[in-house]
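Student: I am new to this structure and would like a close look at a single part of it. Please take one residue, then go on to the parts around it.

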Amino acid sequence: MITARAAAAGMCLTALTAAAQPESARYSVRFDSPWSPQTHAGAYPFDAHYSPPVGAVHSNRVAFWEPGGTASFGMELMAELGSTGPLQGEMTNAINRGDALVTFRGSRLDSPGSHDPIEFEASLDHDRLTLVTMVAPSPDWFVGTHGLPLRDADGDWIQSITVGLDVYDAGTDSGPEFTSGNADVTPHLPIANISQDPPFAGLPQLGSFTITLIDVSGCPGDVNDDGQVTDSDFFAWVTAFVADPRSPEEEAACNVNRDGGCSDSDFFAWVTAFVDGC
């Protein structure tokens, strides 16, 4: 059994440590939406869905949107039409300036439903997540995050966080109903949280983003994410491997070779990672 081999190997491991430099991290984000006639009676239009989510990982030197701010051209088209190209263009410009690391895009989500996880990279200088998607059909409503920190107050990469999604009005169209005709607003109004306004007042949030750490610094041997590779990571791997059932975090921790599942081969992958260090 793998646990017997792992235990025997663990007895032979020295307390050798290898310094890790957690300068980058890889995350996944999953979009879950229970939005349905049952959860949101009177606030569920025909063909309810979300546009392809579009996001960026960036520094605190740039903001693509924020409550009280004015929607950019890219945000306007995303919120009104579900068009992602112009907003991704703005994110790409930030990458070219050094203010963002990466931009990414998902696919349309019909609701209720869950989006396949999207993976993305982050770095110490680019450790904030902005991710948005249009609530469709609607005049200019959307859900999303703006500058969400991926590191905690101590500077450590956050292991997992679930963000409940309020509904925002982009301030570019004054239609009051899901299927209201086009009614452009000039000048644009400030972006506003409308979760407590009709038709959403008194109803649950439409959904959530769950952001989960996959790996830090490309160093799979650091299973417990304490910034170094030691024999304690071996015991953390064993704990994750034998867990039944495994949480998403435990599944990620024991899947050292990133082949999509936990198996005996991950033990040998961990030994290689331990020897190689970071």
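Tutor: Leu101 is a place to begin; it lies in strand E5, which covers residues 100–105. The model is a predicted one. Leu101 has a relative accessibility of 34%, so it counts as partly exposed; the range for that class runs between 20% and 50%. Leaving aside residues up to four places away in sequence, Leu101 is in contact with Val57, His58, Ile95, Glu121, Ala122, Ser123 and His126. Asp127 is 26 residues apart from Leu101 along the chain, and their C-alpha atoms are 8.9 Å apart.

Leu129 belongs to the largest nonpolar core, which has 34 residues. Tyr27, Phe120, Leu129 and Ile211 are the residues with the most contacts inside that core. At least two residues of this core come from each of the strands E2 (24–33), E8 (118–123), E9 (128–136), E10 (141–149), E11 (160–165) and E14 (207–216). There is also a second, separate core of 20 residues, with Ala71, Met78, Met134 and Ala136 among them.

Met78 leads on to a pair of helices: together with Phe73, Gly74, Met75 and Leu77 in H2, Met78 meets Pro86, Leu87 and Glu90 in H3. By class, this contact has 6 nonpolar, 1 polar and 1 charged residues. The axes of H2 (residues 73–81) and H3 (residues 85–97) come within 7 Å and cross at roughly 150 degrees. The two helices are therefore roughly antiparallel to each other, and their crossing is left-handed.

Methods: Residues are numbered from 1 along each chain as its sequence is written. This is a predicted model: local features need pLDDT of at least 70, side-chain atom pairs count only at pLDDT 80 or more; totals for chains, interfaces and linings use all residues. Side-chain values use heavy atoms; hydrogens and water are left out. Helices (H or I, at least four residues) and strands (E, at least two) are DSSP runs, numbered from the N terminus. Buried means under 20% relative accessible area, exposed over 50%, partly exposed in between (1.4 Å probe, protein chains only). Contact means heavy atoms within 4.5 Å. Axes are lines fitted to C-alpha atoms, for helices over the stretch in contact, and angles run from 0 to 180 degrees between N-to-C directions. Angles under 35 degrees count as roughly parallel, over 145 as roughly antiparallel, 65 to 115 as roughly perpendicular and the rest as oblique. A crossing is left-handed if the near helix is turned anticlockwise from the far one by less than a right angle, and right-handed if clockwise. Ala, Val, Leu, Ile, Met, Phe, Trp, Tyr, Cys and Pro count as nonpolar, Asp, Glu, Lys and Arg as charged, and the others, Gly among them, as polar. A nonpolar core is a set of buried Ala, Val, Leu, Ile, Met, Phe, Trp, Tyr and Cys residues joined through side-chain atoms within 4.5 Å.
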